[in-house]
There are 2 protein chains.
Amino acid sequence: MNQVIDRTLRLEKLTAEVFAPFGDVIEAAGAGSFDFNRGMARRFHDLARTEATGDGRIGVSIGRAQPYRLPLALDMVERHPLGSQAFVPLGRDPFVVIVAPDEGGHPGRPRAFVTAPGQGVNYLRNVWHGVLTPLDRPADFLIVDRIGTGVNLEEHRFEEPWAVVA
Amino acid sequence: MNQVIDRTLRLEKLTAEVFAPFGDVIEAAGAGSFDFNRGMARRFHDLARTEATGDGRIGVSIGRAQPYRLPLALDMVERHPLGSQAFVPLGRDPFVVIVAPDEGGHPGRPRAFVTAPGQGVNYLRNVWHGVLTPLDRPADFLIVDRIGTGVNLEEHRFEEPWAVVA
């Protein structure tokens with residue numbers, strides 16, 4: 001007899017603490033900040049544990065993503081064995097962030113978060129995560145990730161989808 | 001008798017072509033784009049010639065900058081000998097971008113640009129540039145630059161300021 005698993009993922013609030021095992025929350029907050037430009041600007045410093053292995057370098061791209069609607073069926077997650085990957089929204093709309101712990105090379109039970117306006121995320125190298133998921137309307141994101149050769153994508157398809165709900 | 005130099009810098013439109021010797025214009029444009037996430041997103045790929053020398057890595061920070069008003073007196077530019085530095089606005093307000101060619105270790109005549117909404121810039125390593133200069137109201141920028149040890153700042157103070165005008 002199979003164990004019955006609740007496949008509903010309820011959106012959680014995204015905070016740096018709870019997200020730390022998976023990556024970084026990129027936002028203008030935290031203690032590591034200092035003034036520059038003769039006091040005309042403040043720098044919230046080094047917000048993402050960027051990493052590029054092999055012959056890659058960390059580069060800058062823009063992702064323009066179509067929106068999803070809740071409840072959404074999560075049937076796949078992916079990870080990048082060669083580098084980190086950050087997404088920072090270029091607008092103020094919240095978006096959905098899905099991650100999963102690794103359990104022996106496969107994703108365990110995922111967790112789904114919704115960002116506060118302006119929050120971005122950085123996925124650590126090799127962390128299972130969902131695709132770029134704005135809600136309601138299209139959104140642009142700055143992507144800061146590894147650019148280089150080599151196989152840097154691993155996908156996992158779930159036999160049965162998870163349901164992400166508000 | 002001294003040569004009379006016109007010290008007025010009139011704001012120019014920022015385009016990738018004209019800015020190329022100094023760095024990159026970061027915007028959702030250009031031929032190097034492709035679909036991802038099963039066609040739900042489009043990636044404008046590798047928009048900045050990021051570079052980090054020595055023991056540094058390219059990292060992510062946020063800069064919160066106070067605004068300036070035109071005409072503005074430009075009395076200083078700076079450059080970073082160890083790495084590139086990108087600024088991408090997290091809102092849609094234009095900002096002023098000032099760069100100068102190097103002439104034997106000193107900045108030559110600067111050029112001043114104003115961005116279109118959404119445009120960001122990446123300064124190449126060792127390119128003379130002005131400080132973060134939003135207009136009218138404060139603005140947040142994602143900063144993608146070298147993080148590491150070593151002396152990565154060189155400043156040049158002009159004997160006489162330049163006047164940046166609209």
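1. A salt bridge is here a side-chain nitrogen of Lys or Arg within 4 Å of a carboxyl oxygen of Asp or Glu. By that criterion, the count between chain A and chain B is 6 salt bridges, and one of the pairs that meet it joins the side chains of A:Arg57 and B:Asp46, at 2.9 Å from N to O.

2. This is a predicted model, in which local features need pLDDT of at least 70 and side-chain atom pairs count only at pLDDT 80 or more, whereas totals for chains, interfaces and linings use all residues. Residues are numbered from 1 along each chain as its sequence is written, chains are lettered from A in the order in which they are written, and side-chain values use heavy atoms, with hydrogens and water left out.

3. With contact taken as heavy atoms within 4.5 Å, 46 residues of chain A touch 46 residues of chain B. The two chains bury about 3600 Å² between them, 54% of it on carbon and sulfur atoms, where buried area is the accessible area (1.4 Å probe) that two parts lose on being put together, summed over both. On the chain A side, A:Met40, A:Val60 and A:Ile62 lose the most area to chain B, together 18% of what that side buries.

4. Strand 5 of chain A runs antiparallel to strand 6 (residues 57-65) of chain B and is joined to it by 4 bridges, strands being DSSP runs (E, at least two residues) numbered from the N terminus, and two strands pairing if DSSP finds at least two bridges between them. Within this pairing, A:Ala41 has B:Ala65 as its bridge partner.
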